[in-house]
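Here is a short report on one protein model.

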Amino acid sequence: MALSTKTSATQDRSNLVPFSSRLREGRALAQDVWSIYNVANLPEDCINLGQGYMNFPPPKWVTDAADVALKTVAPNHYSHPKGRIRLRQAIKGFYDPLFGRDIDVESQILVTSGANEGQYAVFTAFLEQGDEVIMFEPFFDQYLPSVTFNGGKPVYVPLHPPTNAEGKATSNDWTIDFDELRRAVTPSTKMIIVNTPHNPVGKVFTRAELEGIAALAEEFNLLVMSDEVYDCLVFDGKEHVRIATLPGMWDRTVTVGSAGKAFAATGWRVGWLIGPQSIIQPTLAASTRIVFCTNSPLQEAAAAGLEQVRERKFFETQREEYTTRRAILTTAFDQLGMKYTLPEGSYFVLLDISNVEFPEDYPFPQSVLGRGRDFKACWFIALEVGVSSIPVSEFYCEEHANIGEAYARFAFCKDEDTLRKAADRLQALKKYLK
């Protein structure tokens with residue numbers, strides 16, 4: 001019997017096949033904060049301190065290595081799904097002394113298409129339907145859909161913001177309530193995500209805090225994903241402790257790294273995972289079926305970067321440069337008399353915007369209506385002051401969003417001239433402070 005090809009003129013054919021419910025559960029359908037505060041939606045001359053990408057190039061010696069790779073035959077073709085051997089050897093060379101172990105390039109390192117794909121592959125490899133994943137709030141927004149798309153259930157534990165009246169807080173003043181963390185663990189808990197240095201708070205978890213998390217992981221047999229993509233940006237002599245180096249933790253921890261953050265090359269999408277074979281091998285199986293392999297020539301460039309950083313003292317110099325950038329931004333906030341969290345790691349400052357006043361009848365776009373107060377405040381600041389930022393409630397679950405509504409995230413991964421222009425513009429905020 002032949003199928004009819006006739007359709008009714010009035011039939012709605014715009015959504016013939018329903019999409020998966022996982023898109024709703026992962027908040028993937030909501031217009032994301034990056035789209036709302038995108039340069040395309042803001043005035044042309046608005047200075048973008050919202051999104052965490054650099055407006056300066058990677059080091060020339062790294063891009064030169066990319067040029068060489070592009071002019072060589074082998075790096076223009078598929079790499080092994082584990083990653084190119086040169087990059088795996090470079091990762092080993094750089095991280096062996098930091099982990100205090102002889103890392104095996106064949107079974108304990110996996111190169112991924114950015115840190116995000118590596119994390120996604122871990123979730124794919126280890127989560128069963130209904131497995132719970134603990135994440136500290138505020139959380140990097142990609143964690144949520146990556147967990148839910150793979151059948152996991154996010155469980156939120158907020159970092160508690162500082163309460164001192166002086167406003168001279170550091171990221172270390174955002175604290176973990178370990179009783180609260182323990183209560184979050186159930187028989188369904190499979191994994192906990194630790195992000196240190198933390199986005200967006202800038203918190204560098206202390207050894208004592210990581211030991212507390214490690215004790216719970218051991219007690220309840222949890223896998224730990226340690227997102228350390230900002231490990232090369234730790235300030236003020238703060239110690240960056242790798243949870244995988246604590247007693248008993250190597251066997252249950254996967255550590256996440258990023259060439260994009262290390263070398264100002266966020267568009268390259270080259271990341272890596274370091275961990276025991278029991279974690280890396282299943283994750284390799286998942287990653288192979290997700291992307292098969294990662295960008296080959298830029299793996300070569302990332303390898304050249306890691307091979308030379310110690311000789312060039314690159315990370316030490318970069319940290320000094322970022323310390324200067326941070327100071328430009330925080331000095332502007334000091335001049336305004338506004339409270340902020342001084343980050344001890346990463347390249348973000350959380351500004352307390354709870355005292356920024358704006359007219360209730362201001363012509364806000366539909367995209368920010370019905371969202372937290374911080375969405376309106378950030379939009380108002382972008383249009384009236386000319387500097388964009390990101391509302392922090394985006395990084396919370398609905399229950400805890402009120403914590404984030406007090407803050408806007410400003411990125412200082414920009415050149416000094418841009419930051420100085422932004423600092424000058426921000427002084428116009430003074431007339432909107434109550």
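## Strands and sheets

Strand β3 (residues 132-137) pairs with β6 in the parallel sense, over four bridges. Two strands count as paired if DSSP finds at least two bridges between them. Strands are DSSP runs (E, at least two residues) and helices are runs of H or I with at least four residues, numbered from the N terminus. This is a predicted model: local features need pLDDT of at least 70, side-chain atom pairs count only at pLDDT 80 or more, and totals for chains, interfaces and linings use all residues. Residues are numbered from 1 along each chain as its sequence is written, and side-chain values use heavy atoms, with hydrogens and water left out.

Look at β6 again. E132 has T189 in β6 as its bridge partner. Five bridges also join β6 to strand β7 (residues 223-227), and these two run parallel. There, I193 is bridged to M225 in β7. How many of the seven residues of strand β6 are buried? Six are, so strand β6 (residues 189-195) is mostly covered. Buried means under 20% relative accessible area, exposed means over 50%, and partly exposed lies in between (1.4 Å probe, protein chains only).

Another sheet is open and has five strands, in the order β5-β10-β11-β14-β13, with mixed pairing. β5 (168-170) and β13 (390-391) stand at its edges, each with a single partner strand, so one side of each has no neighbour in the sheet. β13 pairs with strand β14 (residues 407-411) in the antiparallel sense over two bridges. I390 has R409 in β14 as its bridge partner.

## Pockets

Pockets are found on a 1 Å grid over the protein atoms alone. A pocket is an open set of points where a 1.4 Å probe fits, with protein on both sides within 12 Å along at least five of seven lines; lining residues have an atom within 4 Å of a point. Grid points are joined across faces, edges and corners, and the volume is the space filled by probe spheres set on the points.

| Pocket | Volume | Nearest the centre |
|---|---|---|
| Largest | about 610 Å³ | G52, F140, Y230, K261 and R269 |

The largest pocket is lined by 28 residues. Its lining has eleven nonpolar, twelve polar and five charged residues. Here Ala, Val, Leu, Ile, Met, Phe, Trp, Tyr, Cys and Pro count as nonpolar, Asp, Glu, Lys and Arg as charged, and the others, Gly among them, as polar. α5 (114-126) and α9 (259-262) each supply at least two lining residues. The largest share, four residues, comes from α5.

## Cysteines

A disulfide is a covalent bond between the sulfur atoms of two cysteines. Here the test is a pair of cysteine sulfur atoms within 2.5 Å. The count comes to zero disulfides. C232 is buried, at 6% relative accessibility.

## Aromatic rings

The structure holds 31 aromatic pairs. Rings of Phe, Tyr and Trp (its six-membered ring) pair if their centres lie within 6.5 Å; planes under 30 degrees apart count as stacked, over 60 as edge-to-face and the rest as tilted. F140 and Y143 form an edge-to-face pair, 5.5 Å centre to centre with 85° between the planes. F140 is partly exposed at 24% relative accessibility, whereas Y143 is buried at 2%.
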